[in-house]
Every structure is written in structure tokens, then in C-alpha cells.
Amino acid sequence: MPGSGESEIVLIPLDEPELARLLEAAVADADPLEVMPPVDGPAGWNDARREAFLAFHRRRSLNPDTAIETTWLIEVDGNPAGAARLRPVSGQAAMEVEAGVWLSRSMRGRGIGKRVAEVLMEAARDGGAARFVATTTVDNTAARRLLSGAGAELDVHGADVDARLEL
Ligand SMILES: CC(C)(COP(=O)(O)OP(=O)(O)OC[C@H]1O[C@@H](n2cnc3c(N)ncnc32)[C@H](O)[C@@H]1OP(=O)(O)O)[C@@H](O)C(=O)NCCC(=O)NCCS
């Protein structure tokens, strides 16, 4: 499998055209449960899940009245390949941001997640954040290794893992 070293990775702020490309990437090469909250009904990318995916990102990122986070389309060599997001967490003494990333299946395990995480941490620092947090599960080895490799402290409780990195 090729590494990410030769690939051009660009993070593009999400807007309606990029959201359409993001849905295309998700449908082509990701499971709905990896990229959005569960929707009742039979598995797979049916119309209800596609609509829920669009509504999820419109509500959380695109609609100024309801937005709580910034989302970027991850483009690898010109092709949509996943999403990255940063959500400021309110009520913390130090300004904290919660991060999330998903990649198309065929893009995983090539070092792309690591490079995207570096860009997110830089964006968080530039935005004045003092702490970077993320949540994953014990069985998500790639996410755990990515976070610990970036220097985050991992706190395991049951099946869940909270990661925390002072910026
Ligand atoms: C989690 C995710 C973003 C990681 O990105 P990635 O590009 O696959 O990860 P990288 O190739 O940059 O590798 C990061 C680390 O994980 C390791 N890794 C990657 N895939 C792995 C796998 N399948 N099994 C074990 N380790 C793995 C790498 O070796 C690397 O560790 P190292 O630096 O100690 O060698 C990606 O796998 C993904 O999109 N998964 C599905 C969605 C998801 O789980 N998102 C995160 C929710 S918190």
C-alpha cells in the first residue's frame, strides 16, 4: 500500500458544494456508522441516511444559527477522501477544542490521518486553543496510535478512550 508521503493533502472548509463531494466519498467508501450518528432502519446508504448526513453537517457546521464546529473536506490528490472537524468546548477554564477525523477506507493506514491531525492541531493552536481533546474506543487501534503518537494522554474507561493533549 502506498504511503502518504507523495500525496497532496488539502483541507477545504466545508460549504454546500464540498458537502456534496463529502457525501459522495462517504457513500463510495465508508460505513454510515463511521461517519455520522446512527439512523434507524436497514443498514447501508439509503435515502434517509444520505439526507441525515447532509442535515447533520448543515446543522453542525453550515447553518450560522446552529453551527457548533468547523468542518473541512479532506482532499487527497484532488479527490474527496474524508472529513476533519474542530469543535470549541465551552465552559472550560482553558480554551479546549474537540477534534474528529474520518477517512475513506481505501485511504486509511497510509499516514494520512497523522498528517491531518497535525494540521488540525496547528489550526487549534492558531485559534488560541490550549487543549486538544478527542474520543475514541479501545478497539480503534489506528485512532489510539495516532493520538498517542501525537503526544496525547489517553484515559481508558471501559470501552471508551478520552485523549487529551496540551497545545
Ligand atoms: C482513525 C483514522 C482517522 C486514522 O487515520 P489513518 O490515516 O488510517 O492512520 P495513519 O495511517 O496516519 O496511522 C496512525 C497510526 O495508527 C497505526 N495504524 C493505522 N492503521 C492501523 C490499523 N489498521 N491497525 C493498527 N494500527 C494502525 C499506524 O501505524 C500509526 O501508528 P504509528 O505512528 O505508531 O506507526 C482512520 O483510520 C479512519 O478514518 N478510521 C475510521 C473512522 C474513525 O475511526 N475515526 C476516528 C474516530 S475517533
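## Ser-148

Ser-148 counts as partly exposed, because its relative accessibility is 39%, between the 20% and 50% cut-offs. This value, like the others here, comes from a predicted model. Ser-148 sits in helix α5.

The side chain of Ser-148 reaches back to the chain itself. Ala-163 lies 15 residues from Ser-148 along the chain, and the two C-alpha atoms are separated by 8.0 Å.

## The largest pocket

Helix α5, which holds Ser-148, also supplies at least two residues of the lining of the largest pocket. The volume of this pocket is about 1,200 Å³. Its lining has 43 residues. Closest to the centre are Gly-100, Val-101, Trp-102, Asn-140 and Ala-143.

Besides α5 (141-149), the helices α2 (32-35), α3 (47-62) and α4 (112-126) each give at least two lining residues. So do the strands β3 (79-89), β4 (96-103) and β5 (131-137). By class, the lining has 23 nonpolar residues, 10 polar and 10 charged.

## Gly-100

Gly-100 is among the residues closest to the pocket centre. Its place is in strand β4. Is Gly-100 buried or exposed? Gly-100 counts as buried, because its relative accessibility is 15%, and the cut-off for buried is under 20%.

Which residues does Gly-100 contact, leaving aside its neighbours within four places in sequence? They are Ala-83, Ala-84, Arg-85 and Leu-120. Thr-66 is 34 residues from Gly-100 in sequence. In space, the C-alpha atoms of Thr-66 and Gly-100 are 19 Å apart.

## The ligand

A polar backbone atom of Leu-103 is 2.7 Å from a ligand oxygen. For Arg-110, a backbone N or O atom lies 3.2 Å from an oxygen of the ligand. Lys-114 uses its side chain: a polar atom there lies 2.9 Å from a ligand oxygen.

Terms used:
Residues numbered from 1 in each chain as written. Predicted model: local features only at pLDDT ≥ 70, side-chain atom pairs only at ≥ 80, totals over all residues. Heavy atoms only, no water. 1 Å grid on protein atoms, 1.4 Å probe; cavity = no way out; pocket = protein on both sides within 12 Å on 5 of 7 lines; lining within 4 Å. Points joined across faces, edges and corners; volume = space filled by probe spheres on them. Helix = DSSP H or I, 4+ residues; strand = E, 2+ residues; numbered from the N terminus. Nonpolar A, V, L, I, M, F, W, Y, C, P; charged D, E, K, R; others polar. Buried < 20%, exposed > 50% of the residue type's maximum accessible area, 1.4 Å probe, protein only. Contact = heavy atoms within 4.5 Å. Polar contact = N/O pair within 3.5 Å; in protein donor to acceptor, adjacent residues only side chain to side chain.
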